[in-house]
Amino acid sequence: MDKIKILWADDEIDLLRAHVMFLEQKGYTVTTATNGLDAIELVKNEPFDIIFLDENMPGHTGIETLNKIKRFNSAIPVVMITKSEAEDIMEDAIGSNISDYLIKPVNPNQILLTIKKNVDNKRIVTEKTTKAYQTAFGRLGMEINDSLDFDDWKDVYKKLIYWELKLKSSDEKTMDDVLNMQKKEANNSFAKFIKNNYIDWFHDNSKARPTMSHTLFKEKIFPFLEKGEKVFVMLFDNLRYDQWKILLPYFNEYYNIDEEDITCSILPTATQYARNAMFAGLMPSEIDKLYPDIWLNDEEEGNKNEHEKDLLLKQLKRYGLDKSVYYDKIFNNKQGLKLLDNIKQVLNYDFITIVFNFIDIMSHARTEMRMIRELAEDEAAYRSITKSWFEHSSILELLKNLQEENVKIVITTDHGTVRVLNPVKVVGDKNTTTNLRYKHGKSLSYKEKEVFEIKKPELAYLPKSNMSSRYIFSLNDDFFAYPNNFNYYVKYYKNTFQHGGVSLEEMMLPFVVLSPK
């Protein structure tokens, strides 16, 4: 690590030689100046990590020197050292954006603490975080291998996301490969877990089945309606658990968390399947059977999520819930502002569900547009764009309005998304679905060990176009590619965010209940 460079400007610097030597013995590089003009010239010609500035120097005072330094480099932390505790001097210094101030006489430990607080703190936090993850690594590895049920996997995934966000917040990248390796190991084990348990969840009445797309409203949301509470559901299409965690502070400003859980998406982890199942309270084949005029198969033309409100009304009726329902989809900020304008009328309804589509739109745009792909080159950048969108969306203002009206909020999603890196060859006929993370058809050729296959779709309550139809799902960070024009296909889709298959990122979904502060 490069040495931290300090500039110390004081007209009595000779009297501070012991302090300078103390810092140099601690490994810091210290440059000194005896007046403000020299300090300004040094800053113009050399990079410094922190500046100690005497407030009472002849010629340019400390405040004047500070202002000129800040015009040249506004980011550099400056610590003002003064003999006086006069309020006006402190206000002038603070108004000029000092990072800290010390009252003379200062002792070496005060100086050291100030450096660590203003410059060295990130390195210290990074080192402690890295060491903590190294300690947790082995224990987490054992938990990955020992995870036997969905609750175990919830704990594992929460810990993986905790460490990912913790490590990514520092500048230290030495643990990136280790974390990625552990996430890959977890996804491989999770894929085996899904292969062994997914079908059984629909045919076993035990408590092993998690809350899934088709049971989420019944198990998690309808109990509030049954108690007569008004509920405002925000369904963020394609919201991953890690994205939720970076949005959480914005919600915390206005709301308390009553519940933060993880639910499970059905397969395929695709909007057509998962979100229709949520609103219908039924699995896809059941929707197809009961409402053939609503369900469209993959190969059929048309908007496959056009009837979500109708499906929700039918589900409410099946459970005897006579509630007034408001439903809307928000695709852009203009529509969000329109919702804000009408919020008083909207809140007259008992049950409000708003689908926010930005994250899904961003995911698809990243595949199609080079600029977006470069802006969101990895998970950290993908989260950053999500955060930036949220900060500038109308949702923050919506939260204020809902808090003032004392409205309970539920945050949920239909599925997540995973960054795909590894192509897997699959062959199908012209009627095979085009999704990169799952395929559905009758003439599929693939290596069984590379996929999760469902040979009898009816066992997973999936519709089939003909008697010999089957589904296959890609695992971890794989994606399906056809042998024809293979290299072009791989180059175009590699390192894009996709959904439809089996991974922690796609199937482990945030579910949050919030009450106003």
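The chain has 20 helices and 18 strands, taken as DSSP runs (H or I of at least four residues for helices, E of at least two for strands) numbered from the N terminus. This is a predicted model, in which local features need pLDDT of at least 70 and side-chain atom pairs count only at pLDDT 80 or more, while totals for chains, interfaces and linings use all residues. Residues are numbered from 1 along each chain as its sequence is written, and side-chain values use heavy atoms, without hydrogens and water.

**Overall**
- The C-alpha trace spans about 90 × 55 × 40 Å along its principal axes.
- Of the 517 residues, 54% are buried (under 20% relative accessible area, 1.4 Å probe, protein chains only).

**Helices 8 and 12**
- Helix 8 (residues 216–226) packs on helix 12 (residues 308–318) at about 70 degrees, with axes 12 Å apart; the axes are lines fitted to C-alpha atoms over the stretch in contact, and angles run from 0 to 180 degrees between N-to-C directions.
- The pair is therefore roughly perpendicular (65 to 115 degrees).
- Phe 217, Lys 218, Phe 222 and Leu 225 of helix 8 meet Leu 312, Gln 315 and Leu 316 of helix 12, contact being heavy atoms within 4.5 Å.
- Phe 351 touches residues of both sides, among them Phe 217, Phe 222, Leu 225, Leu 312 and Leu 316.

Terms used:
Parallel < 35°, antiparallel > 145°, perpendicular 65-115°, else oblique. Buried < 20%, exposed > 50% of the residue type's maximum accessible area, 1.4 Å probe, protein only. Lists of a residue's contacts leave out its neighbours within four places in sequence.
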